[in-house]
Amino acid sequence: MPAGDDLIRHAEECWLSGFAAGPTEPPSRLLGRGDPAPDAELADATGTKSQLAESWAAGPALVIFWRHFGCRCGMERARRLEAELGDYRAAGLAVVIVGQGQPTQAAQYAHEHGITVRVLVDPTADVYRAYGVGHWQPEQLLFDAPVEYLAHPRELGQSLAESRRAEGRPMVDDPWRAAAEFIVAQSGVIRFGYSYQYCEDFPDPRVLTTAARVADPA
């Protein structure tokens with residue numbers, strides 16, 4: 001099996017194990033207005049490492065903490081992101097995605113879904129945690145699933161993983177990791193943090209562009 005397939009299979013097993021275990025971290029408690037934005041060295045989709053803080057070195061940035069690279073709502077966020085990108089740039093925002101997984105996953109995902117902004121990866125989820133991005137609880141992730149899924153048994157997770165693999169959208173990495181978006185000022189201070197309450201809880205882009213234009217927190 002090629003190395004790329006090995007990587008995906010390992011990421012699928014991580015997803016299945018995580019699904020069966022259930023959420024093991026607290027719900028999100030995001031850093032908020034006036035908090036310093038944590039920096040970290042992360043690899044991009046080519047494997048090149050850089051500092052996250054480079055994203056806001058020349059002006060404010062929209063930092064998007066993605067779900068996982070097999071999530072259906074991520075596909076919709078990718079579509080919305082490309083449609084909204086002109087508005088973000090008009091507001092002076094640089095846009096960067098932080099995702100789970102490895103650079104090769106990020107590269108394939110960006111190509112498949114037409115993502116043109118920089119994608120960084122945080123395979124340990126340490127940066128997610130630093131920003132307060134925690135785990136969704138079953139009611140936030142499984143509210144639209146049959147009731148038997150609420151106990152997240154492994155056999156149902158296995159069935160779901162197999163069906164998604166057959167669709168060409170394997171379920172990968174941490175299934176419970178929440179999504180969030182931040183506006184970070186050029187000074188490195190957070191102006192606004194948006195915590196998704198469920199998968200399709202996308203922010204109104206006007207909130208983000210307005211946050212890009214307000215004065216830095218004192």
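**Chat about a predicted model**

Colleague: Let's begin with helix α7, residues 205-213. Which residues there are buried?

Modeller: In α7, that's L208, T209, A211 and A212. Keep in mind that this is a predicted model.

Colleague: Where do those four sit around the axis?

Modeller: They span an arc of only 160° around the axis, so they end up on the same side of α7.

Colleague: And which residues are exposed on the other side of α7?

Modeller: R206 and R213 are the exposed ones over there.

Colleague: How many salt bridges does the structure hold?

Modeller: There are 13 of them.

Colleague: Which parts does the one between R154 and E13 tie together?

Modeller: R154 is in helix α6 (residues 154-166) and E13 is in helix α1 (residues 3-21), so that pair ties together parts 141 residues apart in sequence. Their side chains meet at 3.1 Å, N to O. Both ends are partly exposed: R154 has a relative accessible area of 38%, and E13 has 37%.

Colleague: What about E84 and R77, buried or exposed?

Modeller: Both E84 and R77 are buried. They form a salt bridge too, with the closest N and O atoms 3.1 Å apart.

Colleague: New topic, the largest nonpolar core. Which of its residues touch the most other members?

Modeller: L52, V63, F65, W66, I115 and Y131, out of 64 residues in that core. As background, nonpolar side chains in soluble globular proteins tend to be buried together.

Colleague: Take F65. What is it in contact with, leaving aside neighbours within four places in sequence?

Modeller: F65 is in contact with V98, V127, Y128, Y131 and V133, plus A179, A180 and F182. Y131 is another of the core residues that touch the most other members.

Colleague: Which residues line the largest cavity?

Modeller: F65 and W66 turn up again, alongside I64, R67, C73, G74, R77, A179, Y196, C199 and F202. R77 is the residue that pairs with E84 in a salt bridge.

Colleague: Which element gives the largest share of that cavity's lining?

Modeller: α2, with 3 residues. β3 and α2 each supply at least two.

Colleague: And the largest pocket, what volume does that have?

Modeller: About 450 Å³. It's lined by 20 residues, and the closest to its centre are L141, D144, L160, R164 and M171.

Colleague: Which elements give two or more residues to the lining of that pocket?

Modeller: α1, α2 and α6. The largest share of the pocket lining, 3 residues, comes from α6, the helix that also holds R154.

Key: Residues are numbered from 1 along each chain as its sequence is written. This is a predicted model: local features need pLDDT of at least 70, side-chain atom pairs count only at pLDDT 80 or more; totals for chains, interfaces and linings use all residues. Side-chain values use heavy atoms; hydrogens and water are left out. A nonpolar core is a set of buried Ala, Val, Leu, Ile, Met, Phe, Trp, Tyr and Cys residues joined through side-chain atoms within 4.5 Å. Buried means under 20% relative accessible area, exposed over 50%, partly exposed in between (1.4 Å probe, protein chains only). Contact means heavy atoms within 4.5 Å. The arc is that of the directions from the helix axis to the C-beta atoms. A salt bridge is a side-chain nitrogen of Lys or Arg within 4 Å of a carboxyl oxygen of Asp or Glu. On a 1 Å grid over the protein atoms alone, a cavity is a set of points where a 1.4 Å probe fits but cannot get out, and a pocket is an open set with protein on both sides within 12 Å along at least five of seven lines; lining residues have an atom within 4 Å of a point. Grid points are joined across faces, edges and corners, and a volume is the space filled by probe spheres set on the points.
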